[in-house]
Amino acid sequence: MPAHRCMGLVIRGADVFNTSRVFTVFTRDLGRVEGIAKGSRRLKSPFENGLDLLSICDIVILHKGNETLDLITEACLVERFEALRTDLPAMYAGCYVAELLNDLTHLHDPHPRLFDAAVITLRNLSDQKLMWRRLMRFELALLKELGLMPSLELCVHCGNDLQRESSQGRIAFGLSMGGVLCMQCRHGQPHVATLSVTTLWLLRSLANPGREWREIGDYRDESAAREVVSSVICHLMGRRPRLHRYLLSGSVG
Ligand SMILES: [Zn+2]
C-alpha cells in the first residue's frame, strides 16, 4: 500500500465517528480522492488547518483499493484563497467549482490541467467584473478535459465549416447536440439557441489560451454565452447544479 504525496484542492468534508472526517480532495496527480483523516476533529489534530474547504493542501494519501476509502495521513496548508472567505459571490463561485469537480470527475482519474485551471479560477474570483467569464473559462476547461467540449467551429451534425453562416451574423447552437449547427442541419433539431457572431467569438476565446476573452463582446454576449455553457453543463449532469441558484442570487448581474 504505497503512500502518495500530492497537491490537492479540498472540495468536501463530512464528520464521521467522534474524531474523524472524510474529505474529498481533487488532487493534481491522482484526480478526485475520498479519504478519511483520522483524528482530524480533535482539538490537537495532526492536520491542524491543512484540510480547510476550498484550500490547497499538500497531502499524503494511502490508497486502500477501490472498495474502501483512502487514508489521509498528513496534510499541510499550501494556499488559502482569502476572497472566498470574505466575499459571498466569490465563495459561491468557489463552491460551484468544487461541485463541478466533485460531480463530473471520476475517482482516481487524474486531470492535472483541470487542477491548474481550478487553482487559477479560485485565485481570481474576487474580481466581480470578470467572475462569470472566469467561471465559464473553467467550465469549458472541464468540458475539454472530459472530452465533452461543444463544437464551436464546425457543424456538430455534419462537420461543415460555418463560414457562410458567420457572414450572416447569427449562428445556430444545438443545446442538446452540444455545438454549432449549419443552416442545413439546424432544421428539425430540438433546443436550438441562436447566437450572435460576437457571442460565438466570446465562447471560442473563453475556451482558448490568451487574454481576448476579457475584452470580447458586451454584457448581452456574456449572458448569451452563459446560457449556452450552463445548458451544456445541466445536460451533462442531468440537473441544474445546486450552486446555480446561489450564484445567480449573489451576483450583481
Ligand atoms: Zn451541418
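Reader: What do the side chains of Asp103 and Arg242 form where they meet?

Author: Start with the general idea: side chains of opposite charge can pair when their charged atoms come close. Here, Asp103 and Arg242 make a salt bridge, 3.7 Å from N to O (the cut-off puts a side-chain nitrogen of Lys or Arg within 4 Å of a carboxyl oxygen of Asp or Glu). Asp103 sits in helix 2 and Arg242 in the loop between helix 8 and helix 9, so this pair ties together parts 139 residues apart in sequence. Those helix numbers run from the N terminus and follow DSSP runs (H or I of at least four residues for helices, E of at least two for strands).

Reader: Before I go on, what kind of model is this, and how are residues numbered?

Author: It's a predicted model, with residues numbered from 1 along each chain as its sequence is written. Local features need pLDDT of at least 70 and side-chain atom pairs 80 or more, while totals for chains, interfaces and linings use all residues; side-chain values use heavy atoms, leaving out hydrogens and water.

Reader: Okay. Are Asp103 and Arg242 buried, partly exposed or exposed?

Author: Read that from relative accessible area: under 20% is buried, over 50% is exposed, and partly exposed lies in between (1.4 Å probe, protein chains only). Asp103 has 28%, so it is partly exposed, and Arg242, at 45%, is partly exposed too.

Reader: How many salt bridges turn up in the whole structure?

Author: A search finds 15. One of them joins Glu99 to Arg239, with the closest N and O atoms 3.4 Å apart. Glu99 counts as buried at 5% relative accessibility, whereas Arg239, at 31%, is partly exposed.

Reader: And what about Glu222 and Arg133, which elements do they link?

Author: First the contact itself: their side chains meet in a salt bridge at 2.8 Å, N to O. The pair links distant parts of the chain, Glu222 in helix 8 and Arg133 in helix 4, 89 residues apart. Glu222 is buried at 9%, and Arg133 is buried at 4%.

Reader: Now the metal. Which residues coordinate the zinc ion?

Author: Look for donors first: N, O and S atoms within 2.8 Å of the metal (3.2 Å for Na, K and Ca), remembering that sites may look incomplete with water not among the atoms. The zinc ion has the SG atoms of Cys155, Cys158, Cys182 and Cys185, at 2.3 Å. In sequence these donor residues follow C-x2-C-x23-C-x2-C. Cys158, in the loop between helix 4 (131-145) and helix 5 (163-167), is 24 residues from Cys182, in the loop between strand 7 (179-181) and helix 6 (183-186). Cys158 is partly exposed at 40%, but Cys182 is buried at 2%.

Reader: What geometry does the zinc site have?

Author: The ideal angle for four tetrahedral donors is 109.5 degrees. Angles among the four donor atoms here run from 102 to 116°, and the site is tetrahedral (four donors qualify if all angles lie between 85 and 135 degrees).

Reader: Last one: what is the phi of His108?

Author: Positive, about 55°, although His108 is not a glycine. His108 is in the loop between helix 2 and helix 3 (112-123), partly exposed at 31%. His191 also has a positive phi, near 55°; its place is in the loop between helix 6 and strand 8 (192-196), and at 56% His191 is exposed.

How values were computed. Tetrahedral: all angles 85-135°; square planar, octahedral: opposite > 155°, others 65-115°.
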